[in-house]
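Subject: Structure for your files

Hello,

Please find below the structure we discussed. My notes come after it.

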Amino acid sequence: MQVVLWRYFAVFTVLIIAVVSIVCSGILGSAYSTQARDRISALGSGLTHVIDGKTSAFVGEVVGEMNRYAFSEGIDIFVVGVEGRPVICTVEPPDNWDEIFGELNSAVNGWTQGRQTIYSSGTMFNYASCLTFDNEQCYLLVRYPLFIVQQSVSSMQVYIIIIAAVAIVLAFIISYVLAQRISRPIRDISATATRMAKGDYSVQFASAEFEEIAQLSESLNYAKDEIKKSDDFQKELLANVSHDLRTPLTMIKAYASMVKEISGDDPQKRNRHLQVIIDESDRLTGLVNDILNASKVSAGLSELNKKVFNLTDFVYGIMNKFDYLQETSGYKFYVDIDPNMYTFADEEKIYQVIYNLVSNAVNYTGEDKCVYVSLKDRPESSRIRFAVRDTGKGISDEEKEHIWDRYYRSKDAHARPVKGTGLGLNIVKIILQAHSFDFGVQSQKGNGSTFYVDFPEVSSEPDK
Ligand code: ADP
């Protein structure tokens, strides 16, 4: 990460510097040239004014003025006769004077009083004008060395190179520090994850300065807690299940032997013993079903298969299944169901929901063994409310937050000891959330509980 970050920083810095240098040398270079051109034009015009029309009587004044200009501006000034003979010069004419005069001639293109021109040749900027000195036609030639302009541009380039070097070093330092700050928490997280993978769930993913990494840590801590819960549960479940399975199996075997050897001929005894076998088999089936359903639902194996169905008949159908409890165990079911209501849902899954909620009411209701089931139309919200109430110990506010969690089981003693798995309400929650139905529990400690589900109400014939 460090190397990658540094590479990006370096490329970015180099790009910026390249753009800045190109812009600077282009714009500033041409700005300097224009400035130089303006300057030489101003100097040339000033000198032309001083020299033009003067006679030899003023030669001292002219020479003085020319030297002053030459000295202060770093330029060479020549007054030349039209045939090329230098008349007054601030420096000795250079060796290639003929060549210089040739260029002057072609730039001026014939002497015409007052004409002025600016041209560049080799490393010089030149100003030429046509004037008369000592009653002779002459040229004024002012030469301005280009290196003055180049010097300014190249000193600017030196600055740019220095800035570039400093910027690259800074980029390196910043990217190094940044990469360290980003990668250290990631390395910590990965080390912690390795420890967790080896089965150490006591680890804690540390929070970090960057929000995204802090969020990652938080999610990993959450995942770790969930994995730990599931791991604990698996261990606990294995212990519980083997215990729970063994008890009814032992009973079934014992009672079956009794039927075979003792009570076979006594119908009353035999029936009692067979009922124990049936009850224990039911418990076994319930236990195995819960475990299978929970793993099926949580693995998301089952897709929702929604259709319109008669909820009224459906709930009646489920309540009929509990009839035997009325007859055998003294339970009392109070059922209040509105007629002919239809909903749109996955029938098989909703069966599990209602069955689990009614089973819980049966398991947790009070000594009076009363369970109240209602299915009521709520036309104002186009909903049908299913509710099941018991008279048990109720659920405290603190517990209400947990009862929907997988494997949660209350430690409280209820009217009858319940051999549950803590999966029933979790299955209910997963199914209802998949349907996006409202559901919940209203309960106060000591005052029974009411679990409810709001189903959408639909017309009986969906296609019309
Ligand atoms: P199980 O019933 O197998 O323990 P559930 O997921 O169905 O698992 O319920 C989780 C917990 O919620 C139960 O252990 C119990 O404490 C509480 N609970 C569920 N239904 C009721 C109820 N009707 N009255 C009181 N407590 C309940």
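This is a predicted model: local features need pLDDT of at least 70, side-chain atom pairs count only at pLDDT 80 or more; totals for chains, interfaces and linings use all residues.

Residues are numbered from 1 along each chain as its sequence is written, and side-chain values use heavy atoms, with hydrogens and water left out.

Domains. The protein chain is assigned domain 1 (2-151) and domain 2 (303-456), with bounds from an automatic or database domain assignment. Their centres, taken over C-alpha atoms, are 102 Å apart.

Helix α2. Helices (H or I, at least four residues) and strands (E, at least two) are DSSP runs numbered from the N terminus. Helix α2 spans residues 59-73, 15 residues in total, and its first and last C-alpha atoms are 21 Å apart. That is close to the 21 Å expected at 1.5 Å a residue, the expected span being 1.5 Å times one less than the number of residues. The buried residues of α2 are V62, M66, Y69 and A70; buried means under 20% relative accessible area, exposed over 50%, and partly exposed in between (1.4 Å probe, protein chains only). Down the axis of α2 these buried residues fall within an arc of 95 degrees, so they line one face of the helix; the arc is that of the directions from the helix axis to the C-beta atoms. The face turned away from the buried side carries the exposed residues G60, F71 and S72. Just after α2, G74 has a positive phi of about 70 degrees.

Loop residue. F437 sits in the loop between α11 (424-435) and β11 (438-443) and is buried, at 9% relative accessible area.

Salt bridges. A salt bridge is a side-chain nitrogen of Lys or Arg within 4 Å of a carboxyl oxygen of Asp or Glu, and the count by this rule is 14. E136 and R85 form one of them (3.3 Å, N to O). E136 lies in strand β5 (residues 136-145) and R85 in the loop between β1 (76-81) and β2 (86-89), so the pair ties together parts that are 51 residues apart in sequence. Both are partly exposed, E136 at 37% and R85 at 39%. In helix α10 (residues 397-400), D397 and K400 are three residues apart, about one turn, and their closest N and O atoms are 3.0 Å apart. Salt bridges that share partners join E83, R85 and E136 into one network.

Regards
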